[in-house]
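Hi,

Here is the structure I promised to pass on. Could you have a look at it when you get a moment?

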Amino acid sequence: MRIAVIGTGYVGLVSGTCFSEFGHDVVCVDKDEKKIQALKNGKIPIYEPGLDDMVKINAEAKRLSFTTDIGEAMEDAEAVFIAVGTPTSRRGDGYADLSYVYAAAKEIASHIKKYVVVVDKSTVPVGTAREVKRIILGENPKATFDVASNPEFLREGAAIDDFMRPDRVVIGVETEKAEEVLRQIYKPLYLIETPMVVTNLETAELIKYASNAFLAVKISYINDLSGLCEKVGADVVSLAKGMGLDNRIGKKFLHAGPGYGGSCFPKDTLALSKTAKDHGNPLRIVEAAIEVNSSQKARMIQKIREILGGSEAGKTIACLGLTFKPETDDMREAQSLTILPALIERGAKVKAHDPHGMAEAKKMMPEIEYADDAYSACENADAVILLTEWNEYRALDLSKIKKMMKGEAFIDLRNAYDPKTIHDKGLQYIGVGRRS
Ligand code: NAD
């Protein structure tokens with residue numbers, strides 16, 4: 001099958017590459033010329049494990065190509081996927097900014113020459129697929145097409161595996177013809193018996209938001225409990241284990257930490273709560289999760305301040321990890337962007353390291369000193385913050401760190417270490433929801 005993918009970011013590039021790995025002919029489009037030129041030269045613009053090899057193999061096999069020209073990409077395409085960004089609106093009101101989706105729809109419209117399925121893969125509020133249809137018909141009343149919704153559930157850092165072995169594929173359609181095209185595209189997953197949820201457009205659009213919001217609620221729940229654990233002398237890691245071993249609850253997304261970040265949960269919870277309010281059905285649980293998440297970040301800043309004796313002024317803080325989670329270079333809504341500037345504003349000096357996030361972080365936080373490795377970040381530090389649990393930070397030489405530091409506070413915002421291990425090295429352990 002011939003497929004066009006509009007938007008070659010984290011989702012578009014992974015989806016397009018994996019579709020070509022399935023055996024389809026895929027053309028990925030982006031309006032960012034530099035990105036497309038880099039991809040044509042075999043350079044992958046993001047850090048995503050395994051992606052570079054897969055792009056290379058499929059590009060060499062001529063199943064995967066890149067262009068800035070939508071018309072060229074849509075030539076003979078049976079499906080065109082919209083995978084452009086849907087960030088929080090710049091107005092700051094929490095709504096999703098759909099301008100990129102609608103601009104893509106307009107461009108698609110003028111290139112429809114024969115029947116094609118226009119599929120929303122971007123995360124979009126209920127009603128967007130119908131609006132895309134209206135825009136296309138407005139631009140090109142004679143266009144023969146169907147719209148469909150096929151939300152994406154991949155996680156950055158595990159994107160290829162998530163795409164190639166998804167828990168489910170969700171398809172929202174209005175016609176059997178569109179359903180058939182999408183079933184054909186995902187047919188290679190038949191062998192691994194991937195469940196397909198075929199439903200209407202609105203339900204498919206809502207499944208994505210409802211799923212992300214549920215996971216955000218789960219994280220905020222354990223984060224809320226972490227505060228109580230600190231007050232009553234309970235340990236949140238054992239608490240989560242004791243809860244999570246119950247199959248009805250499950251242990252995933254029950255790790256207390258500095259609050260969720262990233263390019264999805266913060267914006268998707270906000271957008272869902274806006275949609276719900278607009279329809280006179282506020283989702284109070286989602287609203288509470290959003291509120292708990294921002295107070296958790298504030299609580300982390302307060303925790304660090306207290307450990308430093310009530311003031312950050314003149315203190316040197318080492319920060320290990322800047323991205324919102326390991327195995328990605330994505331800095332969007334990373335927790336570090338809230339926590340570190342707050343410390344710097346009160347007079348702290350921050351030295352940071354991240355295995356893959358520093359290039360992007362430097363643009364967003366030029367006021368930080370960036371170190372070549374974890375140990376040089378810790379030199380003369382009054383406190384070390386473990387902010388992102390990259391594998392390379394999980395077995396640090398703590399004796400070496402202790403020797404290099406001025407102070408002895410080891411603030412483990414991911415509960416990645418056993419407190420005793422830290423104490424045995426002469427450091428003070430401060431976790432989230434655990435006894436110091
Ligand atoms: P991104 O910002 O990495 O990529 C979007 C790309 O679209 C950019 O390269 C941009 O230049 C391009 N673009 C914008 N308008 C265009 C146009 N008219 N023509 C061609 N290219 C255009 O975004 P992303 O993280 O890949 O997210 C895309 C969508 O997928 C969002 O709705 C997001 O919520 C959703 N999503 C993201 C993830 C994730 O982990 N990043 C997971 C699931 C779903």
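Below is what turned up when I went through the aromatic rings and the charges around them.

Please keep in mind that this is a predicted model. The count of aromatic pairs comes to 10. One of them is formed by Phe 19 and Tyr 186, with 5.6 Å from centre to centre and 70 degrees between the planes. That angle makes the pair edge-to-face, because planes over 60 degrees apart are classed that way. Phe 19 belongs to helix α1 (residues 10–22), while Tyr 186 is in the loop between α8 (176–185) and β8 (196–199), so the pair links parts of the chain 167 residues apart.

Tyr 186 has another partner in Phe 163: this pair is tilted, at 6.4 Å centre to centre and 35 degrees between the planes. Here the link runs from helix α7 (residues 159–164), which holds Phe 163, to the loop with Tyr 186, 23 residues apart.

Finally, two charges over rings. Arg 168 lies over the face of Phe 153, 3.6 Å from the ring centre. Lys 400 has its charged end over the ring of Tyr 375, at 4.2 Å from the centre.

Best wishes

Key
Residues numbered from 1 in each chain as written. Predicted model: local features only at pLDDT ≥ 70, side-chain atom pairs only at ≥ 80, totals over all residues. Heavy atoms only, no water. Phe/Tyr/Trp six-rings, centres within 6.5 Å; stacked < 30°, edge-to-face > 60°. Helix = DSSP H or I, 4+ residues; strand = E, 2+ residues; numbered from the N terminus. Lys NZ or Arg CZ within 6 Å of the ring centre and 35° of its normal.
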